[in-house]
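Student: I have a model open and want to learn to read its features. Where do we begin?

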Amino acid sequence: MRDIGWRLFRIISARMRRPVKVLLVSGAILAVALLSTACGTERISVPKSSSNYAGAVLFNQRCGGCHTLSAAATHGSASNIKTRLVTNGPNFNTRCERPAIRVLYAIENGGFSGATMPQNIVVGKQAQEVAIFVSTYAGAKTQTNFGATPCKDQSIGSVPIASTTATTAPATTTPATTTPATTTPAAKPKKRAAPKKKAAPKKPAAPVAAAKGPKIGTATIAGLGPVLVNAQGKTLYIFEPDNDKKVTCVGGCAAIWPPASLPTGQKAAASGAVKQALLGSDPDPSGGQVITYAGWPLYAYVADSSPGMATGEAVNLNGGLWYVISPSGKVIKAKS
């Protein structure tokens with residue numbers, strides 16, 4: 001700031017009349033003083049005692065050059081579309097970003113377009129902290145359209161820990177489920193000793209195997225009607241890019257939309273209004289099998305924290321649209 005004042009002083013001609021000279025010099029000094037007091041006055045507004053403070057600091061350090069968010073004291077978004085740079089990102093003061101899992105996806109995948117933002121600019125626990133911070137404070141100045149839910153009233157949801165549960169689940173369930181499968185045939189030779197009893201054990205074998213498989217049932221959700229749910233009552237979705245043919249949601253996508261995994265040697269069991277004939281399975285590129293219904297691979301959604309929720313309905317995320325499916329096999333794309 002002193003250098004600026006010195007340059008301004010030297011610009012003023014030495015031949016200038018003293019009164020004018022004094023006036024200009026005084027004005028220049030005043031301007032420099034104002035600039036010096038203005039430099040660095042804005043601070044992160046999140047209290048240090050808040051659980052979101054760490055996320056605010058990380059956002060300020062890693063994202064401030066491209067995004068605007070007053071709570072983190074960043075101004076990286078262009079105010080004029082004519083002067084914006086390719087690195088200027090969305091203004092989160094006016095852009096609502098909920099649930100937090102959506103922000104985490106953008107962090108892990110370089111935004112939603114993947115054109116400019118680097119992937120994993122923060123990772124692990126730090127990525128989770130930034131995602132929750134942004135979801136909590138973004139949209140403070142958003143103008144809500146008529147009939148839409150205000151940003152502050154939308155659920156932030158929870159952020160899962162990476163994708164470890166998605167990869168370990170099949171590994172732990174496979175040995176547990178294959179052990180009964182191998183012991184069941186071992187008991188049959190004892191009954192075959194009597195010729196008349198050969199047919200008796202074979203008839204109940206199919207129902208017993210089906211009962212041990214994952215159950216797919218139904219639940220009625222307001223505005224959507226009866227939809228498929230898993231054994232925990234969580235709503236199941238189909239991914240439009242799958243085109244009712246094969247599993248395409250893998251990797252980071254599967255961390256947000258966990259596939260309905262089918263343990264080796266088991267069959268999905270229909271419950272309630274679900275039709276057993278429409279249940280099947282498709283290979284998962286990540287390993288194992290995924291339960292299908294009417295040809296569509298089925299997925300849950302991590303943002304549905306409890307049964308009866310369907311926050312993933314008609315959401316455009318991970319490269320396509322997600323919809324619930326009815327017991328008749330019809331994809332439900334609009335609320336009834």
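Tutor: With pairing. Two strands pair if DSSP finds at least two bridges between them. This is a predicted model. In it, S261 stands opposite V290 in strand 9.

Student: Which strand pairs with strand 9 over two bridges, at residues 261–262?

Tutor: Strand 6, and the sense is antiparallel.

Student: How many bridges join strand 8 to strand 9?

Tutor: Five. Strand 8 covers residues 279–283, and the two strands run antiparallel. L279 stands opposite Y293 in strand 9. These strands form a hairpin with five residues between them. Look at G287 in the turn: its phi is positive, about 120°.

Student: What does strand 9 form with strand 10?

Tutor: A hairpin, with two residues between the strands. A294 sits in that turn, with a positive phi of about 55°. Strand 9 and strand 10 (residues 296–297) are antiparallel over two bridges. The bridge partner of T292 is P297 in strand 10.

Student: Is strand 9 mostly covered or uncovered?

Tutor: Start with the general idea. In a regular strand the side chains alternate between the two faces of the sheet. Now the case here. Strand 9 (residues 289–293) is mostly covered, with four of its five residues buried. For the protein chain, buried residues make up 34% of the 336 residues.

Student: On to helices. At what angle do the axes of helix 4 and helix 5 cross?

Tutor: Two packed helices are described by the angle between their axes and the distance between the axes. For helix 4 (residues 100–109) and helix 5 (residues 124–137), the axes come within 8 Å and cross at roughly 130°. Therefore helix 4 is oblique to helix 5. Their crossing is right-handed.

Student: Which residues make the contact?

Tutor: Helix 4 supplies A100, V103, L104 and I107. Helix 5 supplies A127, Q128, V130, A131, I132, V134 and S135. Nine residues of this contact are nonpolar, two are polar and none is charged.

Student: And the whole chain: how many helices and strands?

Tutor: Eight helices and 13 strands. Of the contacts with a separation of 6 or more, 62% are between residues 24 or more positions apart.

Conventions: Residues numbered from 1 in each chain as written. Predicted model: local features only at pLDDT ≥ 70, side-chain atom pairs only at ≥ 80, totals over all residues. Heavy atoms only, no water. Axes fitted to C-alpha atoms, helices over the stretch in contact; angles between N-to-C directions. Parallel < 35°, antiparallel > 145°, perpendicular 65-115°, else oblique. Left-handed = near helix turned anticlockwise from the far one by under 90°. Contact = heavy atoms within 4.5 Å. Nonpolar A, V, L, I, M, F, W, Y, C, P; charged D, E, K, R; others polar. Buried < 20%, exposed > 50% of the residue type's maximum accessible area, 1.4 Å probe, protein only.
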